[in-house]
Amino acid sequence: MGLSTLKQGTLAIAASDFDARPMTYVDGEQRLGYEPDLARLVCDRLGLTPVWTNLPMEDFYPEMQAGHFDVVWFNQANTPERQAWVDFSRPYGLFDEAVLVKSDRAIASPADLVGLKVGGLADSTNIALAATFPDVILVPFPGSDQVLPEMLAALRAGEIDALIDDELVLVVAAEDDPTLKIAFSLPTQARFSIGVRKGNLELRDAIDQVLEDLIADGTLSHLWNTWIPWKPFPF
C-alpha cells in the first residue's frame, strides 16, 4: 500500500514490557496478548512488519512528539489530553476499571475507601479516576515495566489499601492470588485506541479501515473471545 512510516515496510510501535495480560505481555522473545495479536493482523493487511520498543510509559508521548515512532499501541485510552500528542484510531476495545483489595477487606464502593491509601499508575487515567473518590490518599507508582508486581506487592504488604487499574488486568491478578479480590468495578468503557504520529492521517485512516474490516468479517470478535472470553465483544 506504500504507507508513509518512519521506515518503509515497518510499523515502529512504542510499547512497554509491562505484564498486562490478557491485553499484552512478553514471554521470552515473544510478545503475546490481544493487542500484539491484533497489531500483527493489522500490519499483515497493511503490508507492514510490526516492531515493538520497550519504553517507560511516561515517555510514550514525548517520544511520539519527537517523531521516533509511528504509533503508541499499549493500553491507551483515548483522552482529550492525549489527543494533543497523537491522532487516535477508532477503538479496538471498550474497557472498564476496577479496584483490587485484600480478600478480607469489607470494601465495595468508593465510599468505603475514605481515608485509605489507593495506589495506581502515575499519570494514568486510572489514578485520575481515583482522584474523584472522596477523601482518599493517592499513592502513584512510576510506570516501569515492573509496576504491576510492585503495586501488587505493596497491596499485599499493607503499604496501600487498594489498587486501581484496568479491570482486565486486575481480574487476572485476583484469579492468580486468592488473598486478593475485585472490590468493585467502574463501568468507564474507556476507548482503547492506537495513537498515530500526529499528522499522519493516511496511516491513521488505513488502520481504521482495517479495524472496520476485522470487525465486519468477525476476525476481531474471534480474537477478543480468544483472549477475553469472559467479557462480551463490544462492537
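Let me start with A154, which lies in helix 5, residues 147-156. Helices here are DSSP runs of H or I with at least four residues, strands are runs of E with at least two, and both are numbered from the N terminus.

Before I go on, a word on the source. This is a predicted model: local features need pLDDT of at least 70, side-chain atom pairs count only at pLDDT 80 or more, and totals for chains, interfaces and linings use all residues. Residues are numbered from 1 along each chain as its sequence is written, and side-chain values use heavy atoms, with hydrogens and water left out.

Back to A154. Is A154 buried or exposed? A154 is buried, with a relative accessible area of 4%. Buried means under 20% relative accessible area, exposed means over 50%, and partly exposed is in between, with a 1.4 Å probe and protein chains only. Which residues does A154 touch, leaving aside neighbours within four places in sequence? They are F141, E159 and I160. Contact means heavy atoms within 4.5 Å. Then there is G119: 35 residues from A154 in sequence, and 8.5 Å away in space, C-alpha to C-alpha.

Next, strand 10. This strand covers residues 162-166 and is mostly covered: five of its five residues are buried. Two strands pair if DSSP finds at least two bridges between them. Strand 10 pairs with strand 7, residues 93-102, in the antiparallel sense over four bridges. Strand 8, residues 117-121, runs parallel to strand 10, and two bridges join them. There, V118 stands opposite A162 of strand 10.

Now the backbone. Most residues other than glycine have a negative phi, and most peptide bonds are trans.

First, R21 and P22. A cis peptide bond joins them, with omega about 10°. P22 sits in the loop between strand 1 (10-15) and strand 2 (25-27).

Second, D135. Its phi is near 55°, a positive value in a residue other than glycine. Where is D135? Look in the loop between helix 4 (125-130) and strand 9 (137-141). D135 is exposed, with a relative accessible area of 60%.

Third, Q189. Phi is positive here too, near 50°, and Q189 is not a glycine. Q189 is found in strand 11, residues 180-192. Q189 is partly exposed, at 37% relative accessible area.

Finally, the whole chain. The protein has eight helices and twelve strands. Its C-alpha atoms fill a box of roughly 55 × 35 × 35 Å along the principal axes. The radius of gyration is 18 Å, which agrees with the value near 18 Å for a compact globule of 235 residues. That radius is taken over C-alpha atoms, and the globule rule is 2.2 Å times the number of residues to the power 0.38.

Of the 235 residues, 52% count as buried. Among contacts between residues at least 6 apart in sequence, 71% join residues at least 24 apart.

Last, charge. There are 17 positive and 35 negative side chains, and the centres of the two sets lie 1 Å apart. Lys and Arg count as positive, Asp and Glu as negative; His and the chain ends are not counted. Each charge is placed at NZ of Lys, CZ of Arg, CG of Asp or CD of Glu.
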